[in-house]
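Student: Could we go through the helix packing in this model together? I have the sequence and the coordinates open.

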Amino acid sequence: MKGDPEERAVLIGRYLASSGATVRAAARVFGVSKSTVWKDQCRLRQLEPGLWQEVQVVLQRNKAERHLRGGEATRCKYLRQAQLRSRPPGRT
């Protein structure tokens, strides 16, 4: 999503506040980089302080939970690897 950075900042802020999405997920939805999402949050602080505070709550929660998501992803990875190793030869 190209265009006006201030408008994009507000749109991304509303999306984050309403969905509780991660920065990575928001970047994917809006077609921008994670760095752009973070820069837009800095812009949002000046544009709409109330919305910025709502977004900060979401981002802090995501930051506090990220070690849990990472641990779960690692657990699933090793479960998949174990399942592949336990298959009989000749089957895919």
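**Helix packing and the core**

Tutor: Let us begin with Leu59, which contacts Leu16, Val23, Trp38 and Gln41 once neighbours within four places in sequence are left aside. Please keep in mind that this is a predicted model.

Student: Which helix does Leu59 lie in?

Tutor: Leu59 lies in helix α4.

Student: And is Leu59 buried or exposed?

Tutor: Leu59 has a relative accessible area of 7%. The cut-off for buried is under 20%, so Leu59 is buried.

Student: How far apart are the C-alpha atoms of Leu59 and Ala21?

Tutor: The separation of those two C-alpha atoms is 8.5 Å, although Leu59 and Ala21 are 38 residues apart along the chain.

Student: Let us turn to the helix pairs. At what angle do α1 and α4 pack?

Tutor: The angle is about 50°, and the axes of α1 and α4 are 9 Å apart. The two helices are therefore oblique to each other. Their crossing is left-handed. On the α1 side the contact is made by Val10, Gly13, Arg14, Leu16 and Ala17, and on the α4 side by Leu51, Glu54, Val55, Val58 and Leu59.

Student: How many nonpolar, polar and charged residues does the contact of α1 with α4 have?

Tutor: Seven residues are nonpolar, one is polar and two are charged.

Student: What does Gly13 touch, not counting residues up to four places away in sequence?

Tutor: Gly13 touches Gln41, Leu44, Leu51 and Val55 on that count. Gly13 itself lies in helix α1. Its relative accessible area is 0%, so Gly13 is buried.

Student: Now α1 and α2: how do they pack?

Tutor: Helix α1 covers residues 5–19 and helix α2 covers residues 23–30; they pack at an angle of about 130°, with their axes 11 Å apart. This pair is therefore oblique. Here α1 passes α2 in a right-handed crossing.

Student: Which residues meet there?

Tutor: Leu11, Ile12, Tyr15 and Leu16 from α1 meet Ala26, Val29 and Phe30 from α2. By class, this contact has seven nonpolar residues, with no polar and no charged ones.

Student: What about α2 against α3?

Tutor: Those axes are 8 Å apart, and the packing angle is about 100°. Angles of 65 to 115 degrees count as roughly perpendicular, and α2 and α3 are therefore roughly perpendicular to each other. In α2, Val23, Arg24, Ala26 and Ala27 meet Lys34, Val37 and Trp38 of α3. The classes are five nonpolar, no polar and two charged residues.

Student: Changing topic, which members of the largest nonpolar core touch the most other members?

Tutor: That core has 15 residues, and Ile12, Leu16, Val37, Leu44 and Val55 touch the most other members. The elements that contribute two or more residues to the core are α1, α2, α3 (34–47) and α4 (49–86).

Student: Val37 has come up several times. Which residues does Val37 touch, not counting those up to four places away in sequence?

Tutor: On that basis Val37 touches Ile12, Leu16, Val23, Ala26, Ala27 and Val32.

Definitions and conventions: Residues are numbered from 1 along each chain as its sequence is written. This is a predicted model: local features need pLDDT of at least 70, side-chain atom pairs count only at pLDDT 80 or more; totals for chains, interfaces and linings use all residues. Side-chain values use heavy atoms; hydrogens and water are left out. Axes are lines fitted to C-alpha atoms, for helices over the stretch in contact, and angles run from 0 to 180 degrees between N-to-C directions. Helices (H or I, at least four residues) and strands (E, at least two) are DSSP runs, numbered from the N terminus. Angles under 35 degrees count as roughly parallel, over 145 as roughly antiparallel, 65 to 115 as roughly perpendicular and the rest as oblique. A crossing is left-handed if the near helix is turned anticlockwise from the far one by less than a right angle, and right-handed if clockwise. Contact means heavy atoms within 4.5 Å. Ala, Val, Leu, Ile, Met, Phe, Trp, Tyr, Cys and Pro count as nonpolar, Asp, Glu, Lys and Arg as charged, and the others, Gly among them, as polar. A nonpolar core is a set of buried Ala, Val, Leu, Ile, Met, Phe, Trp, Tyr and Cys residues joined through side-chain atoms within 4.5 Å. Buried means under 20% relative accessible area, exposed over 50%, partly exposed in between (1.4 Å probe, protein chains only).
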